[in-house]
Amino acid sequence: MYKSVCLKRGKEESLLRFHPWVFSGAIESVDDGIEEGDLVRVVSKTGDFIGIGHYQIGSIAVRVLSFRDIPIDNLFWQSRLRSALQLRVSLGVVPWEHEFTAQSRRNDTFRLVHGEGDNLPGLVIDCYGEVAVMQAHSVGMHINRKDICEALIAVAGNHIKHVYYKSETTLPYKANLGQENGFLYGGTPDCIAQENGLLFHVDWLRGQKTGFFVDQRENRSLLEKYAGGRSVLNMFCYTGGFSVYAMRGGAKLVHSVDSSAKAIDLTHRNVALNFSGDQRHEAFCEDAFRYLDSNTNKYDLIVLDPPAFAKHRAALKNALKGYTRLNLKGFESIKSDGILFTFSCSQVVTKDHFRNAVFTAAAQAGRKVRILHQLHQPADHPINIYHPEGEYLKGLVLYVE
């Protein structure tokens with residue numbers, strides 16, 4: 001049914017432990033006519049079946065969809081999506097399964113598919129109310145996008161009325177797919193999503209990722225508990241998520257900073273949605289380091305949530321220097337007895353890497369620092385136990401004397 005990729009002798013060991021990636025260096029040969037994005041069977045040197053997945057040119061040559069020899073058809077996509085949905089139902093994050101009272105805090109924002117964590121490597125689906133935003137990180141998922149959309153509608157029923165495909169910046173540029181973002185199903189010009197009772201404009205058209213950083217939902221809730229009576233600085237604010245939570249938590253003032261004018265505009269819109277006319281909030285379109293240099297010893301609580309400093313392993317050394325420099329500025333800018341929320345979303349930066357960078361910054365600043373919380377991605381961003389690389393978000397909440 002599918003053409004084959006044959007591995008070198010002994011290179012099947014990680015796959016027999018269910019790691020879902022086949023690296024190009026492990027391949028002995030490929031059948032003639034295989035093209036990027038094709039479904040292929042992975043076989044050992046002796047011809048034994050190992051898995052089936054999407055073929056791609058590059059370091060990761062095959063992303064395995066199944067370790068059973070089955071057809072990848074509509075029933076397969078429905079089965080995987082149904083399994084992903086059931087996990088979120090059990091977590092209590094799917095609004096379709098719950099009744100919300102006037103006193104409860106409604107949430108209709110969650111991640112439905114998290115790539116390898118849901119045994120669908122190369123695919124991300126975030127849900128915002130009745131809108132699902134689908135993102136492909138592999139050519140194979142791009143080719144199968146319409147089949148996946150069809151399966152998603154079948155699994156979600158009438159709860160998802162619009163499916164927007166946003167993969168223009170996530171697909172390999174060398175594949176020359178000519179990809180354009182757009183609706184695969186339905187169509188709506190705007191979306192206001194709810195997260196724990198707060199409202200947010202989700203800009204899937206021009207925004208980063210799928211339009212909103214769903215992975216910080218629980219960390220934003222934690223910050224709300226610390227915000228009361230404090231002056232708060234939200235660096236790299238993007239949508240202003242941490243800022244809005246801080247305001248609901250009773251912060252005495254909130255400053256949002258981002259180098260993107262579009263992000264500042266979105267932050268203003270989200271603050272206005274929830275706290276129209278509230279004078280506690282100001283936003284500044286400025287470089288992070290320049291802003292911190294000119295605002296030392298001013299804030300009781302600071303959030304440092306930068307974009308990924310390292311997209312690949314070759315950039316790790318410079319990324320760690322960047323995290324150290326940024327956190328040093330944070331320590332220099334926070335008042336005594338302050339709270340610092342600091343994050344890294346770089347997959348190649350491990351928890352130990354990140355903690356060492358923050359430790360170095362604290363030592364250079366000469367501040368006494370204690371760890372209050374160690375943070376990570378929420379449960380709707382699950383980590384496949386056979387794929388530890390899926391643990392990408394790490395954070396620390398620090399008490400700074």
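In which order do the strands of the open sheet of seven strands stand?

Modeller: The model is a predicted one, in which local features need pLDDT of at least 70 and side-chain atom pairs count only at pLDDT 80 or more, while totals for chains, interfaces and linings use all residues. Residues are numbered from 1 along each chain as its sequence is written, and side-chain values use heavy atoms, with hydrogens and water left out.

The order in the open sheet of seven strands is 16-15-14-17-18-20-19, and the pairing is mixed. Strands here are DSSP runs (E, at least two residues), numbered like the helices (H or I, at least four) from the N terminus; two strands pair if DSSP finds at least two bridges between them. At the edges stand strand 16 (281-285) and strand 19, each of which pairs on one side only. From one strand to the next, the twist averages 15°, with axes fitted to C-alpha atoms and angles running from 0 to 180 degrees between N-to-C directions.

Within this sheet, strand 17 (residues 299-304) and strand 18 (residues 334-344) run parallel and are joined by five bridges. Leu301 has Ile339 in strand 18 as its bridge partner.

The loop between strand 19 (369-376) and strand 20 (394-400) holds Ile385. This residue is exposed, with a relative accessible area of 73%; exposed means over 50%, buried under 20% and partly exposed in between, with a 1.4 Å probe and protein chains only. Together with Phe18 and Tyr386, Ile385 forms a nonpolar patch on the surface, with about 340 Å² of accessible area in total. Patch residues have over 30% relative accessible area and no salt bridge, and nonpolar side chains are joined within 5 Å, like charges within 9 Å.

By way of comparison, an open sheet of five strands, also with mixed pairing, has the order 7-8-9-10-11. Strand 7 (109-114) and strand 11 (182-185) are at its edges, each with a single partner strand, so one side of each lacks a neighbour in the sheet. The twist in this sheet averages 25° from one strand to the next. Strand 7 and strand 8 (residues 123-128) run antiparallel, joined by five bridges, and Phe110 has Cys127 in strand 8 as its bridge partner.

How values were computed
Areas by Shrake-Rupley, 256 points an atom, 1.4 Å probe, with all protein chains shown as cover. Salt bridge = Lys/Arg side-chain N within 4 Å of Asp/Glu carboxyl O.
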